[in-house]
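Please look at the model first.

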Amino acid sequence: MTTSVPTAEDGKRSVWKDSGLVDSYLRQTRKGVPLAQIQLDVMLRVIAGSKSGTLHRERPVRNFLDLGCGDGILAATILEKYPDAKGMLVDFSMPMIQAALRKLKEYSRSVHFSSVDYTDPSWFDIVSTHAPFDVIVSGFSIHHQSHTVKQQVYTDIFDLMEPGGIFMNIEHVSSATPRIEALYDEYFIDSLWANQLTDNDAQTRAQVAAAYHKREDKQENILASVELQCEWLRRIGFVDVDCFFKIFELAVFGGRCPEVSGDEAA
Ligand SMILES: C[S@@+](CC[C@H](N)C(=O)[O-])C[C@H]1O[C@@H](n2cnc3c(N)ncnc32)[C@H](O)[C@@H]1O
């Protein structure tokens, strides 16, 4: 396992570089994400492709990128199914990279880490040394960027992939209206509350709701609708773009790089 020298510590400020926030995200928020296992299963299913037809993929995953990897939950899911794959994991938070190093200990020979900020123009060249990727995944990360930067990141992802490669984003997207956003908030709070009921220091639902509404990372959310983001992906050149799963503001969407120029968008 190799980790490039941290360069991002003096770069952009972010709550994600704070070890206290990372700890509470990994112990509480991530574990309370509603239907999290289904999101991962859908991601794997699209990556695996169909047994026949144009989405047929003969090869197992060989070389993947996990963008904004956090503790490596998406990478671990891929490596469990494809133990011979190699992975590059990018995250500008050293506490997150440390958590990922622990989670992926058994895959230490197959993974490489970079602490580069993927909004910094240098990131593309750094990551290119490991490209092209046959799979690129990201989990709950790109929504922290402005819409302009999101589109640049999606373009960079497209340019880092090999023909036929799959991009899957498990992402926090916007609700259609404030009323639907309120429904989503209640749904997430119920899930967080239920998830911690067996803890020794379990909180009341009101306490969980108060913490949810004032959590620090909320201020870094810049949400876009899944429809808009799928449209961006199509414009960039991805094909087979779809939202494969969505429950309120939690969406699993992505697309495929054409095999050859002229590969038909469906
Ligand atoms: C909500 S966490 C999600 C972590 C993990 N992918 C998951 O599914 O649990 C968002 C992650 O994206 C990382 N991140 C956000 N913006 C980033 C950037 N510009 N460059 C690198 N990492 C970034 C944060 O440090 C954090 O680990």
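In which handedness of crossing does H7 pass H8? H7 passes H8 in a right-handed crossing, where right-handed means that the near helix is turned clockwise from the far one by less than a right angle, and left-handed anticlockwise. The model is predicted: local features need pLDDT of at least 70 and side-chain atom pairs pLDDT 80 or more, while totals for chains, interfaces and linings use all residues. Residues are numbered from 1 along each chain as its sequence is written, and side-chain values use heavy atoms, without hydrogens and water.

**Ligand site**

- The ligand is surrounded by 21 residues (a heavy atom within 4 Å), and the closest are Tyr25, Arg30, Gly68, Asp91 and Ser141.
- This shell divides into 10 nonpolar, eight polar and three charged residues.
- A backbone N or O atom of Gly68 lies 2.8 Å from a ligand nitrogen atom.
- A polar side-chain atom of Asp117 lies 2.8 Å from a nitrogen atom of the ligand.
- A side-chain N or O atom of Gln145 is 3.4 Å from a ligand nitrogen atom.
- The protein covers 99% of the 590 Å² of accessible area (Shrake-Rupley, 1.4 Å probe) that the ligand has on its own.

**Helix packing**

- Helix H7 (residues 178–195) and helix H8 (residues 205–213) pack at about 125°, with axes 9 Å apart.
- The axes of helix H6 (residues 147–160) and helix H9 (residues 226–236) come within 10 Å and cross at roughly 45°, which makes H6 oblique to H9.
- H6 passes H9 in a right-handed crossing.

Methods. Polar contact = N/O pair within 3.5 Å; in protein donor to acceptor, adjacent residues only side chain to side chain. Nonpolar A, V, L, I, M, F, W, Y, C, P; charged D, E, K, R; others polar. Axes fitted to C-alpha atoms, helices over the stretch in contact; angles between N-to-C directions. Helix = DSSP H or I, 4+ residues; strand = E, 2+ residues; numbered from the N terminus. Parallel < 35°, antiparallel > 145°, perpendicular 65-115°, else oblique.
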